[in-house]
Amino acid sequence: MVRSDSPAIIVDDVHKSFGSIRALAGVTLEAPAGRVFGLLGPNGAGKTTLVRLLTTLLKPDRGTVRVLGLDVAREAEALRPRIGLAGQYAAVDENLTGRENLRMVGLLYHLPRREARRRADEVLARLELTDAADRPVKTYSGGMRRRLDLGASLVGQAEVLFLDEPTTGLDPRTRLEMWNIIEELVAGGTTLLLTTQYLEEADRLADRIAVIDHGRVIAEGTSAELKRRVGTDVVRLEVARREQFEAARDALAPLAAAEITFDAEGRWIHLPVADGAQGLLRVVRAVDAAGIELADIDLHRATLDDAFLALTGSGLDEDAAVPEGGRAA
């Protein structure tokens with residue numbers, strides 16, 4: 001087993017192309033053991049290609065990929081029993097029962113039959129699927145299928161688990177259930193690499209995040225570090241009396257950490273501040289001292305959405321065509 005103080009995943013200057021399409025163009029990153037590493041990027045940025053490399057489904061054209069100290073290209077057979085993969089589409093046989101699916105996975109992991117049965121029952125209980133265990137999977141809801149798919153990756157007691165957009169399309173309640181399961185897995189020592197299109201999911205779960213775009217890592221850090229790259233929080237004020245708008249703007253100008261913006265109707269002022277709550281307090285004092293009457297005021301904290309948009313210039317659901325040398329899956 002990889003030492004707990006060693007990275008569970010090491011990607012060093014990895015390149016991968018499909019014909020003329022360059023999917024990865026020199027990706028380098030490290031994921032610590034026993035933590036959640038988030039991988040974000042627009043559609044076609046290279047996330048899924050990287051996951052396929054990490055899980056031995058592809059080989060890099062150039063560079064090195066190591067998981068648990070094993071080279072994914074040269075030591076794939078030794079690595080596969082130690083990792084698990086769950087994607088956004090449930091990879092289970094809908095004509096089998098949930099229990100039969102998990103037992104079959106256990107046998108594919110070369111577990112003895114008795115151990116495969118025990119692990120299947122254990123995983124079903126953990127994912128709250130015991131009551132439906134002996135029903136055909138085709139009778140399961142989408143959320144139940146997704147939990148069963150995750151369960152299939154747990155039967156072999158994977159040391160590193162790769163989740164490729166595992167909550168896509170789930171309702172909010174089921175997504176929250178999946179988050180709780182993920183947190184329990186990591187608390188038990190599992191290392192987890194997560195790709196997601198839900199930024200609040202990465203914000204809650206990931207200890208560290210890499211943003212990938214056009215096949216390259218363009219930013220890496222904790223969620224808080226990425227948010228700070230946006231620069232500022234914003235105090236938003238609505239002036240109650242339009243005739244006081246100019247006076248309000250003049251009073252607030254010395255407090256601005258960046259350019260003040262305002263609406264065309266002359267009521268709302270957006271004031272960037274450097275230090276959040278303290279900035280808000282200074283704004284309140286300034287408008288009070290100037291005798292400005294406000295209809296509303298609030299503080300907009302920089303979010304991971306803000307950081308992602310600032311870094312990539314697009315949202316996670318952007319679906320652009322792939323030019324030569326551009327984005328790939």
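This is a predicted model: local features need pLDDT of at least 70, side-chain atom pairs count only at pLDDT 80 or more; totals for chains, interfaces and linings use all residues.

Colleague: How many bridges join strand β11 to strand β13?

Modeller: In general, strands of a sheet pair through backbone hydrogen bonds, either parallel or antiparallel. Here β11 (residues 233-239) and β13 (residues 268-273) run antiparallel and are joined by six bridges. Within this region, Leu237 stands opposite Ile269 in β13.

Colleague: In what order do the strands of the open sheet stand?

Modeller: The open sheet has four strands, in the order β12-β13-β11-β14, with antiparallel pairing. At its edges are β12 (261-262) and β14 (294-300); each has a single partner strand, so one side of each lacks a neighbour in the sheet.

Colleague: What does the hairpin of β9 and β10 contain between its strands?

Modeller: There are two residues between the strands of that hairpin, and His214 takes a positive phi near 50 degrees. Strands β9 (residues 208-213) and β10 (residues 216-221) run antiparallel, joined by five bridges. Asp213 has Arg216 in β10 as its bridge partner.

Colleague: How is a pair of packed helices described?

Modeller: One gives the angle between their axes and the distance between the axes. The axes of α3 (residues 98-108) and α4 (residues 113-126) come within 8 Å and cross at roughly 130 degrees. That angle makes α3 oblique to α4. The crossing of these two helices is right-handed. Among the residues that make the contact are Leu102 and Leu107 of α3, and Ala116 and Val123 of α4. The residues of this contact divide into six nonpolar, two polar and five charged.

Colleague: Finally, is Thr56 buried or exposed?

Modeller: A residue counts as buried under 20% relative accessible area. Thr56 has a relative accessible area of 9%, and is therefore buried. Thr56 lies in the loop between α1 (47-54) and β4 (62-67). Leaving aside residues up to four places away in sequence, Thr56 touches Val72, Ala76, Leu79 and Arg80.

Note on methods: Residues are numbered from 1 along each chain as its sequence is written. Side-chain values use heavy atoms; hydrogens and water are left out. Axes are lines fitted to C-alpha atoms, for helices over the stretch in contact, and angles run from 0 to 180 degrees between N-to-C directions. Angles under 35 degrees count as roughly parallel, over 145 as roughly antiparallel, 65 to 115 as roughly perpendicular and the rest as oblique. A crossing is left-handed if the near helix is turned anticlockwise from the far one by less than a right angle, and right-handed if clockwise. Contact means heavy atoms within 4.5 Å. Ala, Val, Leu, Ile, Met, Phe, Trp, Tyr, Cys and Pro count as nonpolar, Asp, Glu, Lys and Arg as charged, and the others, Gly among them, as polar. Two strands pair if DSSP finds at least two bridges between them. Buried means under 20% relative accessible area, exposed over 50%, partly exposed in between (1.4 Å probe, protein chains only).
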